[in-house]
There are 2 protein chains.
Amino acid sequence: MIRIALDAMGGDYAPRVEVEGAALALRELPADFTIQLVGRTTDIQGALGAVPDVDRARLKVVEAPEVVGMGEKPLAAIRSKPNSSIAVGFGLQKKSLSDAFISAGNTGAVMAAATLMLRLHPGVQRAAIGTLFPTANQPVLVLDAGANVDCDARELVGFAHLGTVYARDVLGRPDPTVGLLNIGEEDEKGNAVVKEAHLLLRATSGIRYLGNVEGRDIPSGECRGQPLDVVVCDGFVGNVVLKFYESAARVFVSLVKREAPDILQRPEMGNVLKVLDYSTYGGAPLLGVQGVAIICHGSSGARAIKNAVRVARQMVVSHLSQDIGAEFAQGGVVA
Amino acid sequence: MIRIALDAMGGDYAPRVEVEGAALALRELPADFTIQLVGRTTDIQGALGAVPDVDRARLKVVEAPEVVGMGEKPLAAIRSKPNSSIAVGFGLQKKSLSDAFISAGNTGAVMAAATLMLRLHPGVQRAAIGTLFPTANQPVLVLDAGANVDCDARELVGFAHLGTVYARDVLGRPDPTVGLLNIGEEDEKGNAVVKEAHLLLRATSGIRYLGNVEGRDIPSGECRGQPLDVVVCDGFVGNVVLKFYESAARVFVSLVKREAPDILQRPEMGNVLKVLDYSTYGGAPLLGVQGVAIICHGSSGARAIKNAVRVARQMVVSHLSQDIGAEFAQGGVVA
C-alpha cells in the first residue's frame, strides 16, 4: 500500500477541507493507498466526525502538536517547530514510514523543510515547483513557478531535466518536448541567462529541446506546430505568469457572468470552467527532492486536495523520485 | 490640424489594412487630424482605389521607396535604409512636419528609429513600451512590455514616471496608482533589482506607489482594495505576460466555441470578446522619446489601426510628450 501523508493543519480552511479532501480521495481514487492525516489529533478527529462515509481503515491520524502559520518566516519556523505538521509529515517520509507529503500550508516552509529533510538528489542544484497550465489541448508543465527567483543557466537546464522526467512519469508523455520561455524565437533574444541556457539546452542530450518559446505558446500548448509539454523559466517569471493566469481565468468568468449570467448555467460551460480551474490539476510538485512533496494553494477546496492525492499517488506509482535520481546520476545533465 | 503619419508598409497585410484603418479613422474619429500614409506611392494608391468613401482631403501620401522586412536586424535595417517607411515617417516628425508615427512593422526597427531619430527626453534612461491589459473594470497599463530585457532599479523607477504621465494624459486617470510587479507583497520578496526598485519607489515623490503587486493583480485591476492604473516590470516579464494574455484570451474563446458554439453568437458576448481583444486598445506607445510613436501588432486589422490613430491623436492632444519632458526635467525622478 502507498502511504500518502497530508498536512491537516495547512491551508485557509484546515483541517475541514483536508479531511473532506482525504475522504473524497479514499472514495474516488484506486484503493491502493492509505492517507496519514498529520496534525492536532483532537482537531482532526473533530473534523472527521463531521464527514460521513470515511474509509477509516485506510486513514491514520499522526499527531503533530505545532502549526506553522501562513505568515511565518519559513526557515525559522521549520527550525523552531520540530513538531509542526510540516516537519512531522516530512519526517515520516525520511524514516520510510510514508511515501509522499501534501500541504496547503506555508509554501516557503514546505519548500525549506523538503529541501532540508528529504535533501536534493545528487546533481540537482535547485528544487523547482512545477505547475500545470491548461491549454485547449493537453496541459503544459511550467517550472520553476516560484521556488527560485534568480536562476543561472545551468539551473534552467536542470529544470528541463526535472520537467522531462515528470512529464514522462506523471503526465504519460513518452517523449516530452521542452521549450525555454523567452521573448522571441531567435537565438539572440533574451537576457544573458536565457541566452546562455538556450545554448546549453541545445547541447544537452536526453532532452527533446524545441528551442525558445514565447508567452503565447503556453496557453496554445504548442510551438511551431509541435505539441509543447514542458516550459522552463526562472521562478520570478513563472510565478508572475501562474498568478496572472489564475486571475485572468476568474476575470473571464466574471465578464461572462456580468454580461450573460445564464451562460454559466449551461452544462457545456462546465467543461470550460473545469479546464480553467486550477483545482483540477491537483497542486504543484516540488521536483528535485529525494521523495514526493506537493504544495497546494492555501485556498484549496476538498476537490483540489483530492486531486493532489491523485497526483501524489501517481508520482509514487511511477517511481518519479527514483527516475529523477537516475536522470541526474547518469550524466545527462550538463556539468 | 494634428498630423498623424502611418507606416503603410508595416504589418502582415500592408498596405491594405493600413489604408482601410486610415479610412475608418477619418470616418469615425473627431475630424481634427490628417493622416500621412508613408510608403510606396503606387502600392498605396492601389490600395486606396479599393476603399470607397475615403476623405482624401485629410489624407496625404508620402513617398518612401524602401521597406524594412519583419525579419531584418533592426539597427542595420534603419542604417542601411534611410528611405524606408519607418525612417521617413520619423523623419517627418523630426522636421516638425508630423505629430505622431504609427507602425505595425518590425518592432525592433521602430524602436531603434524612434530612439535614434526622435531621441529620449533628457533624464529618461530607457524608452519603454506600454500596453493596456483588460480587466473586469478599467484597463491596466503595464510597462515595459518588451523594449528592455534587462533593467536596473532606476530604470524601473523611470517607467513608473512614464506610466504615471501616460495614465493621466491618455487614460484620463487624474491621480494614477503604480504597482511594482513582484512575486509577493512583502518587502523582502523578489530578485535583487526588484527589491532595490521597491525601496527607490517608496522614496520617490510624484508617484502614487501602492507597493509590490502580483501577477493576479493585473487581470483583477486592483490591489489590496485600490484600483491599479500602472504596473512596472522589466521588458522580459512584461513581454512574456503580454503574449501569454493574448493567447489565453484566444484559448478561452476557442474552448467556449468547442463546447457551445452558439454562445459566441449571443450579442452580450460581444462585450466580453471586445474586452478580451487587444485590437480594442490601439497599439502600444513607445514612451520616453521626444515625440509620439505607436507600435502595432504585425497582425493588426483595420480596427486595430483605427484605434492606434485614436490613441496617437489623444497623445498629441494631451501634450503627452511635453508632459513627460517636464516630469523628467523637474527632478521628480530619483537621481
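The crossing of α10(A) and α9(B) is right-handed, that is, the near helix is turned clockwise from the far one by less than a right angle. Helices here are DSSP runs of H or I with at least four residues, numbered from the N terminus. The model is predicted: local features need pLDDT of at least 70, side-chain atom pairs count only at pLDDT 80 or more, and totals for chains, interfaces and linings use all residues. Residues are numbered from 1 along each chain as its sequence is written, and chains are lettered from A, and ligands numbered from 1, in the order in which they are written.

Which residues of α10(A) meet α9(B)? They are E268(A), M269(A), N271(A), V272(A) and V275(A), and their partners are L255(B), V256(B) and E259(B). Contact requires C-beta atoms, placed from the backbone, within 7 Å.

Let us turn to the whole interface. Chain A and chain B each contribute 41 residues to the contact. On the side of chain B, α9(B) gives the most, with 18 residues.

Finally, the symmetry. A rotation of 179° with 0.0 Å of shift along its axis superposes chain B on chain A, with RMSD 0.1 Å, by least squares on C-alpha atoms of residues with pLDDT of at least 70 in both. The two copies are thus related as by a two-fold rotation axis.

Technical notes. Helices (H or I, at least four residues) and strands (E, at least two) are DSSP runs, numbered from the N terminus. Two residues are in contact if their C-beta atoms, placed from the backbone, lie within 7 Å.
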